[in-house]
Amino acid sequence: MHNEPEISSQLVKDHGLTSDEYKRILDLIGRSPNFTELGIFSVMWSEHCSYKSSRPFLKKLPTEGPRVLQGPGENAGVIDIGDGFAVVFKIESHNHPSFIEPHQGAATGVGGIMRDIFTMGARPIALMDSLRFGELDDSRTRFLLNGVVDGISNYGNCTGVPTVGGEVYFDSCYNGNILVNAFCLGLAKSDGIFLAKAGGAGNLILYVGSKTGRDGIHGASLLASSEFDETTEDKRPTVQVGDPFTEKLLIEACLEIMEFDWVVGVQDMGAAGLTSSSFEMAHRSKAGVRMDLSKVPLREKGMTPYEILLSESQERMLFVIKPGHEEKAISILEKWGLDAAVIGEVIEEPEVHINFESKEVVNLPTFPVVDGALDLKRDTRPPDYLDQIGQLNLIELPEPKRGDKAFIKLLACPNIASKEWVYEQYDHMVRLNTLVLPGSDAAVLRIKDTKKAVAISVDCNSRFCYLDPYEGAAIAVAEGCRNVVCSGATPIGLTNCLNFGNPEKPEIMWQFEQAVQGIGDACRYFDIPVVSGNVSLYNETKGQAIFPTPTVAVVGLIEDQTKTMTQGFKKSGHCIGLIGFTMEELGGSEYLKVLFDKNEGKPPVLDRKQEKHVQKFCLELTHKELIQSAHDCSEGGLVIAVAESCFSSPEETLGATIEFESTLRGDALMFSESQSRIVISFPEELKNQIEKLALSYSMDFSVIGKTGGSQFTVNINGQEYIKQDIETIKEIWKTSLGRYVGQTT
Amino acid sequence: MKCGIVVFPGSNCDHDCYHILNKVLGQETHWLWHKDDVDLSSFDLVVLPGGFSYGDYLRAGAISRFSPIINSVILFAEKGGKVLGICNGFQILLESGLLPGALIQNHTRKFICKNIFIRVETINTPFTQECKDQSVLQIPIAHHQGSYYIDPNSLKDMEERGQILFRYCDAKGKVTAESNPNGSVSSVAGLCNEKKNVMGMMPHPERCADPLLGNIDGQNIFQSLLSQS
């Protein structure tokens, strides 16, 4: 046997296990674990794999609905879209690896989420990313942004799955801990979904894909499940290295094999590698497995069982197949140039026996490993900062006479400026499904061989969540739904990625609890099931936590793909209308941050009833073909939304003239981020019909201006408030992010 | 028209080409596997699609040129068969010696995916005969190694022989430095061999040929090929 270290309390601690947890291990298995077994418990009981801090809260999310074919607990969630098809989707974080090694961290984040999708028998058809960085003035931020975008571009493009949209935010709270949340959506036959199950005794365990190397060992336990500090750089070896070419081959080979009925179950080897995939598949079928590690294809000689079991080498899958079909399976994999080997079999007893060089190195019951970690009852307490920043007194904010300066500053700020610099590095068109290209409220993909399309939006305003995690999280759900509604879709499902600080701090757990409740309540009200998700904790550096960032991805369904709506104004002379009403809500706004460097006050109020109503009204306008564009008002408020509709006009850039009669402060009227508002445009002759429909809905609706001309003009109570040349401001909006990234000091 | 689409490991626009040729244009379309060295004489068109064959490792197209199917494609081309290489397919045609010159990294040093414009430089080829001379096509690009290079003398010869098919231009058809997205020499976006039966281009005509996606400028190229069969 290899020279394995003696189990000591220090070794247990180095494996991220508390002394209580170690005692529990002793109780559950009735003896001391050996070194390899300790490694197994270390990864499986880590926060990242066990969800021990978050699980009690997550149980409260609504996960059911008539379209739900598979809710949380599998590799991804599945929603039926009719015509024999289902969409399979999930969002997942890869934050810590991306901070340490941005290119590989982000690339393997994309690879991992894609495997979660095709593992279920679905072909990945769309990727999206929610990215959050620190301030762009910091050269490290620019290094990270370049690296992350390059990593996503390199991996996604090579696999031939389009990256169709997402979001990119900058705030100083992410200076020491960036967020990289990757989303993937796949398309499957609704009766062709595969689950991560091992089935009955005698089935064979087939290892598929890249050889196992020494990379990524303890990525899940030591990297993902602790805070950053001075030693963070030393953890770089825990970051995996991706190979998108192998991933592409793996997609094709797996989907080909999954056409056969002798495939019992599939799981990718992601976090905790061969360990989690084998234990979890066995556990789900109340069975066990016997494996021989000597048969695992290895990248290098001399690897120990500990290393083989804990490696997080990428692009590997574990198949369970019925005996007698291994030759056929291996021949398909060889055709695609992939490694494959039968490494074990399913056994009846719920135990995992692992041999290496003819010796048993692991002998553990499955339950304690997979489900033995105790749910932690973490304390929660509202943070003190809420008392200091909860009030925003508008009287103390100097009110500008004209809005031009603030308007231009906002158009140029990286959170509002066009993200073209990012998405032009992603292949967003491959597979010919992208009906609405990036830069819109939602990405829209047609479903070939049907009349349908799906719309996807990824959202979270973390400033709102910092000020009020409950309300902020509910707003993220509402905005996600509103975005897909603006594209003509009905929301049908949601996945979330909950990024928070250190759960051992009661204030962080309070933020978490509030945000999950906010998502849950909003989803229940809007009737959207949460079908998958991921929790990322310990997002803090030297005690400084990120803003609570519960990112949600909402998926919507368009029944008739020819009725897809876009945000750009279409023609000169069209009326511009506003659905919803504006209040003096500057708390947590981009205006407050960019002009006054403040993030305080209360986030805007979300009136859920009003929100539902606005969405229903907007959808009816689209379905009845009464409108030519629809665009959600979010960061930067109404005036930025109108400007974006001008910029996104497909043929030429259209100017606009807006007229308001209002008693609100001018800056609040322009830049308030009041919820439940949508900017639409339509030909003048439809005005009466739309107003009539609005009346029948008792909907706040007003015609606020007209498209056309070379100027962008806003008049308030007859006084000119903003007047700018449209081409000039478009250029500022378009090029500002690229200029920031390109700066050299 | 009987079309064949070569599938290399890592090809990812193969399904898109199939969709356009078969589903949109209604042509008989077959897959051709990279490991097979087969007689292609019954085909009217062979397409080398875009993607990242062999992960673009070493250099885009450098490994694929050794695939058995390339022998078949060379033989097919020598006999006058029409070959269309798009993006990665273009890179493979250059590496195989079926077309002259080379493609290097974009001058921006980044992958670029966006709609751009190209100008039709000659309609005296089987790939452009249904286009209007000097007309402007809106078409997407998606590549990292798309900057075309060839020495000035060879370029001059190719121009004289009418081998330059497309140049990057602005919306009005003007060839300018700003409208050249990748730094290609003389803004070359697509070219053919002397016999004019092998064509390679970096932009993706298959991405602008399905009416549902709006722009169908790419159909001009496929219709040119169709009109001969």
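Me: Two residues are in contact if their C-beta atoms, placed from the backbone, lie within 7 Å. Across which strands does helix H20 (residues 506-526) of chain A lie?
Reply: This is a predicted model, in which local features need pLDDT of at least 70, side-chain atom pairs count only at pLDDT 80 or more, and totals for chains, interfaces and linings use all residues. Residues are numbered from 1 along each chain as its sequence is written, while chains are lettered from A and ligands numbered from 1 in the order in which they are written. Helices (H or I, at least four residues) and strands (E, at least two) are DSSP runs, numbered from the N terminus. Helix H20 of chain A lies across strand S17 (490-499), S18 and S21.

Me: At what angle does H20 run to S17 in chain A?
Reply: Axes are lines fitted to C-alpha atoms, for helices over the stretch in contact, and angles run from 0 to 180 degrees between N-to-C directions. On that scale, H20(A) runs to S17(A) at about 175°.

Me: What is the strand order of the open sheet of six strands in chain A?
Reply: Two strands pair if DSSP finds at least two bridges between them. The pairing in this sheet is mixed, and strand S14 (434-436) and strand S18 (530-536) are its edges, each pairing on one side only. From one strand to the next the twist averages 25°. The order is S14-S15-S16-S21-S17-S18.

Me: How many bridges join strand S16 to strand S21 of chain A?
Reply: S16 (residues 453-459) and S21 (residues 549-558) run antiparallel. In this pair A:Ala453 stands opposite A:Ile558. The number of bridges joining S16(A) to S21(A) is seven.

Me: Are H3 and H11 of chain A roughly parallel or roughly perpendicular?
Reply: Helix H3 (residues 35-44) and helix H11 (residues 273-284) of chain A pack at about 80°, with their axes 10 Å apart. Angles under 35 degrees count as roughly parallel, over 145 as roughly antiparallel, 65 to 115 as roughly perpendicular and the rest as oblique. The relation of H3(A) to H11(A) is therefore roughly perpendicular.

Me: Which residues of H11(A) meet H3(A)?
Reply: H3(A) brings A:Ile40, A:Val43 and A:Met44 to this contact. By class (Ala, Val, Leu, Ile, Met, Phe, Trp, Tyr, Cys and Pro nonpolar; Asp, Glu, Lys and Arg charged; the others, Gly among them, polar), the contact has four nonpolar, two polar and no charged residues. On H11(A), the residues are A:Thr275, A:Ser276 and A:Phe279.

Me: Which helix gives the most to the side of chain A that touches chain B?
Reply: The contact takes 22 residues from chain A and 23 residues from chain B. Helix H8 (139-159) and helix H10 (244-257) of chain A each supply at least two residues of that side of chain A, which by class has 10 nonpolar, seven polar and five charged residues. With four residues, the greatest contribution to this side comes from H10(A).

Me: What percentage of the 745 residues of chain A count as buried?
Reply: Chain A has 26 helices and 28 strands, and its C-alpha atoms fill a box of roughly 85 × 55 × 45 Å along the principal axes. A residue is buried if 20 or more other C-beta atoms lie within 10 Å of its own, exposed if 12 or fewer, and partly exposed in between. By this count the buried share of chain A is 61%.

Me: What percentage of the 229 residues of chain B count as buried?
Reply: Five helices and 11 strands make up the secondary structure of chain B. Its C-alpha atoms fill a box of roughly 45 × 35 × 30 Å along the principal axes. The buried share of chain B is 56%.
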